[in-house]
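Please keep the sequence and the structure in view while reading.

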Amino acid sequence: LLKLEPNNFKAWNELGKAYRELNKNAEAAAIFKKSLNIDSNNTRTLQLLAGTLHSLGNIDPALKCLEKALQLKPESSKIHQDYCSILEQTHRKEKYRFAVSAARKHCSAEDPHMQMIEARYYINEGELAAASKLLTAIAPDLLENTAQISRAESLGKIADKLGQHEAAFI
């Protein structure tokens with residue numbers, strides 16, 4: 001496909017994701033960079049490259065990718081979550097506080113990604129009562145989704161054992 005459509009950034013992204021799944025992160029990063037040469041403002045590609053760079057230990061370039069993505073799409077709670085997560089993991093407290101504040105400004109408090117940002121923030125700030133209250137409020141949704149996934153996996157295993165292989169993957 002890439003020989004026929006060398007400017008297909010989606011195909012480059014898929015190839016990069018395949019390399020990431022094989023733990024070939026250096027190759028994946030190079031592929032995501034090729035994709036960004038085609039569309040430098042693609043926020044999904046910026047996120048993919050940031051995650052890959054982060055896994056390689058290239059923290060500052062990863063943060064720069066996410067900062068650019070946030071400039072392009074400030075309402076994306078997922079990008080905010082990725083950005084806050086790296087800042088939290090690398091102990092950049094002031095930048096982390098600023099990032100949480102920006103996320104609050106741009107994202108809905110009802111958004112699950114935003115709720116996780118808030119919960120992590122409260123925990124990091126030692127506000128355990130606030131974190132507990134928030135987690136108690138969102139736990140039923142998390143448990144319901146986990147239960148649905150667990151049920152689907154169980155049904156898939158049963159269907160597979162019965163020889164109904166197509167049903168196992170529906």
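**The pocket and the core**

The largest pocket is lined by Glu-67, Leu-70, Gln-71, Pro-74, His-80, Tyr-83, Phe-98, Ala-99, Ala-102 and His-106. Helix 4, helix 5 and helix 6 are the elements that give two or more residues to this lining. The largest share, 4 residues, comes from helix 6. By residue type, the lining divides into 6 nonpolar, 3 polar and 1 charged. The volume of the largest pocket is about 160 Å³.

The model is predicted. The average pLDDT of the protein is 85, and 79% of the residues score at least 70. The secondary structure comes to 9 helices and 0 strands, so the pattern along the sequence reads α-α-α-α-α-α-α-α-α under the DSSP assignment. Of the 170 residues, 32% count as buried. Among contacts with a separation of 6 or more, 40% are between residues 24 or more positions apart.

Two of the lining residues can be followed in more detail. His-80 has its place in helix 5. Is His-80 buried or exposed? His-80 counts as buried because its relative accessibility is 3%, and the cut-off for buried is under 20%. Leaving aside neighbours within four places in sequence, His-80 is in contact with Leu-70, Pro-74, Ala-99, Ala-102, Ala-103, His-106, Cys-107 and Ile-117. Several names in that list also occur in the pocket lining, including Leu-70, Pro-74, Ala-99, Ala-102 and His-106.

Tyr-83 is likewise found in helix 5. With a relative accessible area of 7%, Tyr-83 is therefore buried. Beyond residues up to four places away in sequence, Tyr-83 touches Leu-63, Leu-66, Glu-67, Leu-70, Lys-95 and Ala-99. The C-alpha atoms of Tyr-83 and Val-100 are 9.3 Å apart in space, and the two residues are 17 apart in sequence.

One of the contacts of His-80 is Ala-103, which lies in helix 6. Ala-103 has a relative accessible area of 0% and is therefore buried. Apart from residues up to four places away in sequence, Ala-103 touches His-80, Met-114 and Ile-117. Pro-74 is 29 residues from Ala-103 along the chain, and their C-alpha atoms are separated by 8.1 Å.

Which members of the largest nonpolar core touch the most other members? They are Leu-49 and Tyr-83, in a core of 29 residues. The elements that give two or more residues to this core are helix 2 (25-38), helix 3 (43-55), helix 4 (59-72), helix 5 (77-89), helix 6 (93-106) and helix 7 (112-124). Helix 4 gives the most, with 7 residues.

Definitions and conventions: Residues are numbered from 1 along each chain as its sequence is written. This is a predicted model: local features need pLDDT of at least 70, side-chain atom pairs count only at pLDDT 80 or more; totals for chains, interfaces and linings use all residues. Side-chain values use heavy atoms; hydrogens and water are left out. A nonpolar core is a set of buried Ala, Val, Leu, Ile, Met, Phe, Trp, Tyr and Cys residues joined through side-chain atoms within 4.5 Å. Buried means under 20% relative accessible area, exposed over 50%, partly exposed in between (1.4 Å probe, protein chains only). Contact means heavy atoms within 4.5 Å. On a 1 Å grid over the protein atoms alone, a cavity is a set of points where a 1.4 Å probe fits but cannot get out, and a pocket is an open set with protein on both sides within 12 Å along at least five of seven lines; lining residues have an atom within 4 Å of a point. Grid points are joined across faces, edges and corners, and a volume is the space filled by probe spheres set on the points. Ala, Val, Leu, Ile, Met, Phe, Trp, Tyr, Cys and Pro count as nonpolar, Asp, Glu, Lys and Arg as charged, and the others, Gly among them, as polar. pLDDT is the predictor's confidence in each residue, from 0 to 100.
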